[in-house]
Protein chains: 2
Amino acid sequence: MSDERKYVEELSDVEDDFDRWYVEVVRRAELADESPVRGTRVVRPYGFALWENMQAELDRRIKETGVQNAYFPLFIPQSMLAREAEHVEGFAPEVAWVTRGGNKELEEPWAVRPTSEAIICPMYARWVQSYRDLPILINQWNSVVRWEERPRAFLRSLEFLWQEGHTAHATLEEAEERTRLMLEVYRDFVETELAVPVIPGRKTESEKFAGALRTYTIEAMMGGKKWALQSGTSHNLGDHFGRVFGIEFLDRNGERRYAFNTSWGLSFRMVGAVIMVHGDDRGLKLPPRVAPIQVVIVPIWRKESEREAVEAAVDRVRDALLPVARVFVDRRDDKTPGWKFNEWELKGVPVRLEIGPRDVANDQVTLVRRDTHEKQAISITDLAGRITEILDDIQANLFAAASRMLAENTVEIDSYDVLKERVAANAGFSRAYWCGSEECEDRVKAETKATIRCIPFDQPEAPGRCLVCGEAAQQQVIWARAY
Amino acid sequence: MSDERKYVEELSDVEDDFDRWYVEVVRRAELADESPVRGTRVVRPYGFALWENMQAELDRRIKETGVQNAYFPLFIPQSMLAREAEHVEGFAPEVAWVTRGGNKELEEPWAVRPTSEAIICPMYARWVQSYRDLPILINQWNSVVRWEERPRAFLRSLEFLWQEGHTAHATLEEAEERTRLMLEVYRDFVETELAVPVIPGRKTESEKFAGALRTYTIEAMMGGKKWALQSGTSHNLGDHFGRVFGIEFLDRNGERRYAFNTSWGLSFRMVGAVIMVHGDDRGLKLPPRVAPIQVVIVPIWRKESEREAVEAAVDRVRDALLPVARVFVDRRDDKTPGWKFNEWELKGVPVRLEIGPRDVANDQVTLVRRDTHEKQAISITDLAGRITEILDDIQANLFAAASRMLAENTVEIDSYDVLKERVAANAGFSRAYWCGSEECEDRVKAETKATIRCIPFDQPEAPGRCLVCGEAAQQQVIWARAY
């Protein structure tokens with residue numbers, strides 16, 4: 001994009017009009033773009049590099065738990081998708097169907113996978129005969145399709161990128177343990193790498209995955225309207241899929257049993273979370289651990305006579321930093337330094353180094369942090385030794401700020417009227433006792449559009465009274481609007 | 001698979017019945033499996049790990065040339081696919097069509113991408129206004145769909161995994177340079193990482209990519225029937241797609257021009273190449289650089305009293321090797337050592353370490369190479385220092401053996417009768433002069449099923465006479481049957 005006016009127009013105010021700000025920042029920071037295919041978005045290199053860094057870290061963590069990657073077909077024959085009744089009921093309305101291929105009408109339509117349980121479980125049925133073949137621990141990185149007419153880059157689109165893990169176990173206990181383990185992998189990944197604090201908990205019956213016994217979730221609070229974003233889910237599928245797809249095995253005692261399954265997924269909507277949790281009026285603010293560029297160097301000179309010395313210092317600094325950070329030197333000669341500063345702030349690069357004639361004279365760089373806007377001179381000799389510490393400090397600072405936002409906007413309440421007010425005012429998460437009835441849950445959803453995001457693991461010791469009906473309640477839940 | 005008889009049955013003879021051997025080795029080594037979706041295969045963890053190692057190395061090489069990854073939609077509206085006439089003519093018969101989504105009939109069918117030029121070029125048209133926006137250098141890793149009723153794992157399936165690179169340039173020269181650069185990236189990757197020698201060259205007009213100006217290819221010779229496998233192609237698309245999709249820009253002189261494009265792809269059929277080039281009667285022989293497991297350790301003891309000392313030595317060896325190699329310890333207690341040796345040979349692990357009581361007593365391991373079957377005792381202290389050298393030697397040895405096979409089965413000929421005999425006898429590649437006419441090309445194809453694999457870059461200085469018609473011919477070509 002060579003449009004010089006891009007930074008003359010200001011971004012929409014992040015507090016005033018968050019939805020518009022989001023759309024603008026995604027486009028101007030070149031994370032994603034519109035696409036000629038209705039419901040989809042194109043992920044541009046800068047947005048994809050962010051996702052690739054996330055993938056690498058999450059993939060490493062998943063593999064550390066003994067899981068291996070594999071690849072199953074994109075298509076699922078209709079009859080196969082239909083075998084688990086709740087599952088197909090949940091997904092059928094969102095499915096894209098292939099009905100023609102190789103110039104012929106198909107005898108049976110093929111679903112483009114909305115999720116892969118129905119194609120993976122039949123394979124597990126082939127691979128499992130004895131308890132010795134269990135557990136099976138497999139993950140795949142792919143794209144899935146769920147029909148969507150009103151896309152929003154990364155958050156909601158007809159096709160999205162994710163990983164989906166699928167395991168099979170000899171006992172329900174082991175499946176439960178794996179389900180919780182993967183939720184913990186997600187929590188650690190999202191908090192450590194993305195600097196996004198989350199609330200881990202369980203979904204209610206009406207919010208759980210279609211076909212699951214239990215669904216666990218991590219829920220994050222976005223900036224702006226303080227809505228929730230479901231950030232990763234892990235499902236204990238019990239033996240529902242094992243029975244339906246015939247994943248049978250002989251246990252240690254020679255008895256025939258059905259296997260227990262889990263599945264768990266995290267998608268590129270976490271790119272959206274990073275945008276919405278950390279961004280500000282100047283644009284993105286990327287956590288250093290996943291930022292495609294951690295340090296951008298902007299050479300500055302006015303007179304051609306200054307150029308050589310500045311370029312030599314820039315090269316020296318870049319070479320010193322390359323072993324410890326992802327560095328980019330912005331040498332464009334058709335943009336002013338001020339224009340570049342704005343652009344790299346918009347793109348959320350954690351650290352900017354300015355190197356001009358005065359810096360060269362003092363053997364220093366001018367370092368500017370994206371998170372605090374703090375400016376400091378650092379000697380070139382010290383820089384490589386200090387940059388890791390500075391990047392770590394920015395990462396910690398982003399997590400602290402997001403944790404403050406979550407804490408300040410989560411309130412324990414005991415009145416339904418207060419909940420209504422808080423939801424209407426986009427005031428954040430409301431924590432309240434709930435009796436466990438679907439009736440109360442549905443009523444709040446219908447009247448306020450807020451849903452139960454989760455039943456947090458972290459619960460008070462004493463029971464209480466349901467916010468809605470006033471009946472005895474054993475547990476608190478988190479109410480909020482969600483993306 | 002807990003089927004003990006698996007290794008009692010021998011693999012089919014690699015020379016006698018190569019096609020059957022391939023199917024068996026893919027299944028028994030657990031690289032891939034049948035799938036309930038006609039035309040597709042499931043890639044199992046061991047096969048996928050091999051592909052992941054290939055991906056990592058190729059991705060690194062592609063990025064080193066300045067290319068970035070991105071992601072474009074899976075679907076292409078019919079009218080968009082149809083815009084480049086030759087392109088749609090080439091691909092339409094193989095397309096899978098989505099005609100229904102979200103419970104509605106679509107107004108216009110969507111193709112599941114058979115390749116992505118037709119969805120990427122319209123985006124480039126949006127992104128390019130000035131010569132300053134060029135070049136665009138983008139790659140994506142994805143799956144594509146081309147209708148196929150008779151699949152063969154990795155080599156030919158309805159859905160396959162690959163990378164497709166797409167670039168846009170200001171001049172035809174620059175596009176040509178990029179086309180050749182990426183072919184060289186492929187050549188280096190395939191020869192260095194996969195130990196598969198290739199012949200680089202140009203495709204004839206009738207064999208080039210649908211819509212391209214010129215297609216370059218690297219062609220490898222497979223074992224068994226000595227057929228060719230097209231191993232990577234790189235296309236100079238000229239300005240065909242630029243004109244059709246309106247990728248227009250203002251050049252340095254303020255004149256409006258169309259951009260020049262390239263595209264280039266390499267797929268997981270290279271997993272098939274690794275199987276077919278290096279495999280033998282015992283199964284796979286994986287090149288160490290991409291082998292999921294480079295060293296397998298098999299503990300051996302008869303009496304329980306021997307166990308502790310053996311296990312301690314195994315742990316010591318594993319810990320010493322982990323920083324320098326991908327190591328796996330096979331501790332299964334329901335399999336004999338002999339069974340394990342067979343299995344790991346079948347799975348092609350380059351190095352096996354046997355550690356038994358006698359080894360422990362001598363502070364050594366027994367090392368067995370998969371390529372030469374050579375057995376040697378190595379002191380535990382020396383092992384970590386020597387293993388890299390041994391793995392490098394195996395890699396070099398595989399490449400040397402494959403190069404010998406290619407050289408010994410490539411013959412320069414000047415008689416069409418000899419070509420017919422050689423093709424009928426599965427005797428390998430035949431190098432011969434060709435006049436350049438499509439008539440001669442078509443005749444050979446119709447009469448022998450051999451095709452021109454490429455016009456090699458490496459050409460003799462003198463002209464000659466066409467093998468088929470006897471007319472003057474400026475260049476030699478490679479004739480062969482191909483997968």
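Three bridges join S4(A) to S6(A), and these two strands run antiparallel; strands are DSSP runs of E with at least two residues, helices are DSSP runs of H or I with at least four residues, and both are numbered from the N terminus. Two strands pair if DSSP finds at least two bridges between them. The model is predicted, with local features needing pLDDT of at least 70 and side-chain atom pairs counting only at pLDDT 80 or more, while totals for chains, interfaces and linings use all residues. Residues are numbered from 1 along each chain as its sequence is written, chains are lettered from A and ligands numbered from 1 in the order in which they are written, and side-chain values use heavy atoms, with hydrogens and water left out.

The strands S4(A) and S6(A) belong to an open sheet of six strands, ordered S4(A)-S6(A)-S5(A)-S5(B)-S6(B)-S4(B), with antiparallel pairing. Its edge strands are S4 (75-77) of chain A and S4 (75-77) of chain B, each of which pairs on one side only. Neighbouring strands are turned by 45° against each other on average, direction ignored. Within chain A, A:Pro77 stands opposite A:Trp110 in S6(A), and strand S5 (residues 96-101) pairs with strand S6 (residues 104-112) in the antiparallel sense over four bridges. A:Arg100 has A:Glu105 in S6(A) as its bridge partner, whereas A:Gly101 has A:Lys104. Two residues lie between the strands of this hairpin, where A:Gly102 takes a positive phi near 55°.

**The sheet in chain B**

Chain B also holds an open sheet of five strands in the order S16-S15-S17-S18-S19, with mixed pairing. Strands S16 (327-329) and S19 (375-379) stand at the edges with a single partner strand each, so one side of each is left without a neighbour in the sheet. The twist averages 25° from one strand to the next. Five bridges link S15 (residues 295-299) and S17 (residues 351-355) of chain B in the parallel sense, and B:Val298 stands opposite B:Glu354 in S17(B). Helix H10 (residues 337-346) of chain B lies across S15, S16 and S17 of that chain, running at about 170° to S15(B).

Axes are lines fitted to C-alpha atoms, for helices over the stretch in contact, and angles run from 0 to 180 degrees between N-to-C directions. Contact means heavy atoms within 4.5 Å.

| Helix pair | Angle | Axis distance |
|---|---|---|
| H9(A) (residues 304-321) and H12(A) (residues 380-408) | about 30° | 9 Å |
| H2(A) (residues 45-64) and H6(A) | about 145° | 10 Å |

H9(A) and H12(A) are therefore roughly parallel to each other, a term for angles under 35 degrees. From H9(A), A:Ala313, A:Arg316, A:Val317, A:Ala320 and A:Leu321 meet A:Ile380, A:Leu383, A:Ala384 and A:Ile387 in H12(A).

The contact between H2(A) and H6(A) includes A:Met54, A:Glu57 and A:Arg61 of H2(A), together with A:Tyr186, A:Asp188 and A:Phe189 among the residues of H6(A). At 1.5 Å a residue, the 23 residues of H6 (residues 172-194) of chain A should span 33 Å, and its end C-alpha atoms are 32 Å apart, which agrees; the expected span is 1.5 Å times one less than the number of residues. A:Ala195, which follows H6(A), has a positive phi near 60°.

How values were computed
Parallel < 35°, antiparallel > 145°, perpendicular 65-115°, else oblique.
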